Amino acid sequence: MKNSKNKIMQKLIKKEEKILNKQDKPNALKTKISEKVPPKLFDTLNTAFNKAFEIIFMKGTTIIEKTMSKEKVSAEYDVLSYAADKIPLKKNINKLDNISRKSNLINNTFTTLSGVGMGLLGIGLPDIPVFTATLLKGIYETALSYGFNYNTETEKIYILRLIRTALSENEDKIINNEILNSMNYNDLKEEIALTSNCLANAMLIEKFVQGIPIVGAAGGISNNIIYNKVLKFAKLKYKQRYLKKQGERC
C-alpha cells in the first residue's frame, strides 16, 4: 500500500513539475492585439471577476449546488473511502478520477457554448459571472470527488490560490504554487482581489476579441481553455492531498 502510494505520488509530482517548469513563450499576435486593448478594459474585467467571486462565495454557493449532484458525489467518495483498504490504491484513484471526469465534461461543454455564443453576438463581459460560477462548480465537484469540503473559508482561499497558480506564467507559477502548498491563512477579500487580477490578465485579450461580433467566437473559446487549464491543475493538487490524507490514516 505504502509503495503503491509513493509511486502514484511520484508520478503526480513529475506532472506538477512539468506544468510548473513550462516556459510560456511570447506570442507576437497577442502582443500586437494587446496594443489595441482599451486601458479601461482590464479594470472592468478585474471588477467583474471580483464581484462574481464575492457574490458566489457570500450568497451563490447554494445556487451552484442546485446544479450539482453534491450528495451523489459525496456518497460515491464515502463508499470508495470505506473500501480504500480493500481494493488496490491505483484502482481506487481511477474510480475517484471518474467521479470528477463525468461532471467536468458537462461543465466543459457549457463554458464553450456560453463563450462562443456571446462571442458571436459581440458580447464580451456578461458571461463573466456565468464563467466564474461554472469554474467554481468544476473545482467544487473535483474537491468533493477527493473528499474535501469546499465551503470553509480556508478551502475558499485554497481554491483562489489554485486558480492563480494554474494561470500564472513562468517564475510566478512556482512562487504561487509554494504559497498554495503553505496552506497559510489569509484575508479572503485580499485573495479574491489577487485572483480577480490574475483572471483579468489571463483573459484580457480574449475578452477584447470576444467583444467583436462574429470574430468574437474565437475569443469565446478562451472560456474553455482557461477552464481546462485550471481543472487539470485542480485535479492534480486534490489528488495529491487525497494521497497525503490516506498516508496519515496508515
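Start by selecting Asn-170, in the loop between α7 (153-167) and α8 (171-182). Helices here are DSSP runs of H or I, at least four residues long, while strands are runs of E of at least two, numbered from the N terminus. This is a predicted model, where local features need pLDDT of at least 70, side-chain atom pairs count only at pLDDT 80 or more, and totals for chains, interfaces and linings use all residues. Residues are numbered from 1 along each chain as its sequence is written, and side-chain values use heavy atoms, with hydrogens and water left out.

Stay on Asn-170. Its relative accessible area is 16%, so Asn-170 is buried. (Buried means under 20% relative accessible area, exposed means over 50%, and partly exposed is in between, with a 1.4 Å probe and protein chains only.) Check the backbone too: Asn-170 has a positive phi of about 50°, although it is not a glycine. Now show its contacts, meaning heavy atoms within 4.5 Å. Leaving aside neighbours within four places in sequence, Asn-170 touches Leu-20, Lys-22, Gln-23 and Asp-24.

Next, zoom out to the whole chain. Colour by secondary structure: there are 11 helices and zero strands. Of the 250 residues, 47% count as buried. Among contacts between residues at least 6 apart in sequence, 85% join residues at least 24 apart.

Select helix α3 (residues 39-65) and helix α6 (residues 128-145). They pack at an angle of about 50°, with their axes 9 Å apart. Axes are lines fitted to C-alpha atoms, for helices over the stretch in contact, and angles run from 0 to 180 degrees between N-to-C directions. The pair is therefore oblique. By the cut-offs, angles under 35 degrees are roughly parallel, over 145 roughly antiparallel, 65 to 115 roughly perpendicular, and the rest oblique.

Show side chains where the two helices meet. On the α3 side, pick out residues including Phe-49, Phe-53 and Phe-57. On the α6 side, residues including Phe-131, Leu-136 and Tyr-140 take part. By class, this contact has 14 nonpolar, two polar and one charged residues. (Ala, Val, Leu, Ile, Met, Phe, Trp, Tyr, Cys and Pro count as nonpolar, Asp, Glu, Lys and Arg as charged, and the others, Gly among them, as polar.)

Now go to the largest nonpolar core, which has 50 residues. Such a core is a set of buried Ala, Val, Leu, Ile, Met, Phe, Trp, Tyr and Cys residues joined through side-chain atoms within 4.5 Å. Select Leu-136, Tyr-140, Ile-163, Leu-199, Val-230 and Tyr-238, which touch the most other members. The elements that give two or more residues are α1 (2-21), α3, α6, α7, α9 (188-210) and α11 (222-249). Helix α11 gives the most, with 10 residues.

Centre on Ile-163. Beyond four places in sequence, Ile-163 contacts Phe-53, Leu-135, Leu-136, Ile-139, Thr-195, Leu-199 and Val-230.

Two last stops. Lys-232 is in helix α11, and its relative accessible area of 59% makes Lys-232 exposed. Draw a C-alpha distance from Lys-232 to Thr-142: 10.0 Å in space, 90 residues apart in sequence. Then select Thr-44 in helix α3. Thr-44 is partly exposed, at 39% relative accessibility. Its C-alpha atom is separated by 8.6 Å from that of Ala-200, 156 residues apart along the chain.
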